[in-house]
Amino acid sequence: MGSTDATSSSDGPLINCLMLVTWPQRRQMTQEALVSFVCQDHANRVLTVVNDGAPCRLSSAFHARFRGSVLQVPPGTTIGAKRNTGAQAVAADYLASFDDDDFSLPALC
């Protein structure tokens, strides 16, 4: 798997936010975390979802706005292997864990 070429911009350093999921378990929490990601105010960010469950995808509108992607890995892939897959997918300045239970919805944006 090659890495996406992404660089810093005038909007600040690029942050690759990794969300590790097993779809569709914790579906509601994952969806709330996606809304929270949209509400974040750092403009130069991408969301990399690494999924070892049933195939899922982000909407085309979300993908276009945030350059988000879903990487499908085999069922039962370890957390460490999932993190490594996500980290290698995007050449970013910073890597941030964005777990499905990490959400803040201040007045829903």
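**Reading the fold and its cores**

Guide: One begins with the order of elements along the chain. In this predicted model, the sequence runs through the pattern β-β-α-β-α-β-α-β-β.

Visitor: How much of the protein is buried?

Guide: Of the 109 residues in the protein, 37% are buried. The protein exposes about 6200 Å², and carbon and sulfur atoms supply 54% of that area.

Visitor: Which residues make up the largest nonpolar core?

Guide: The general idea comes before the case. In soluble globular proteins, nonpolar side chains tend to be buried together. Here the largest nonpolar core has 12 residues in all: C17, M19, V21, A33, L34, F37, L47, V49, L58, F62, F66 and F98. Two or more of these residues come from each of strand 2 (15-21), helix 1 (27-39), strand 3 (45-51) and helix 2 (60-66). There is also a second, separate core of 8 residues, with L14, L20, V50 and V73 among them.

Visitor: Where is F98 placed, and what does F98 touch?

Guide: F98 lies in the segment after strand 6 (94-97). Its relative accessible area is 10%; the cut-off for a buried residue is under 20%, so F98 counts as buried. Not counting residues up to four places away in sequence, F98 touches C17, L18, M19, A33, S36, F37 and L47. F98 and L47 are 51 residues apart along the chain, yet their C-alpha atoms are separated by 8.5 Å.

Visitor: What share of the contacts join residues at least 24 apart?

Guide: Among contacts between residues at least 6 apart in sequence, the share is 69%.

Visitor: Why do the buried residues of helix 3 line one face?

Guide: An α-helix has 3.6 residues a turn, so residues three or four places apart point the same way. In helix 3 (residues 79-89), the buried residues are K82, T85, G86 and A89. Seen down the helix axis, these buried residues fall within an arc of 95°, so they line one face of helix 3.

Key:
Residues numbered from 1 in each chain as written. Predicted model: local features only at pLDDT ≥ 70, side-chain atom pairs only at ≥ 80, totals over all residues. Heavy atoms only, no water. Helix = DSSP H or I, 4+ residues; strand = E, 2+ residues; numbered from the N terminus. Buried < 20%, exposed > 50% of the residue type's maximum accessible area, 1.4 Å probe, protein only. Contact = heavy atoms within 4.5 Å. Areas by Shrake-Rupley, 256 points an atom, 1.4 Å probe, with all protein chains shown as cover. Core = buried A, V, L, I, M, F, W, Y, C linked by side-chain atoms within 4.5 Å. Arc of directions from axis to C-beta.
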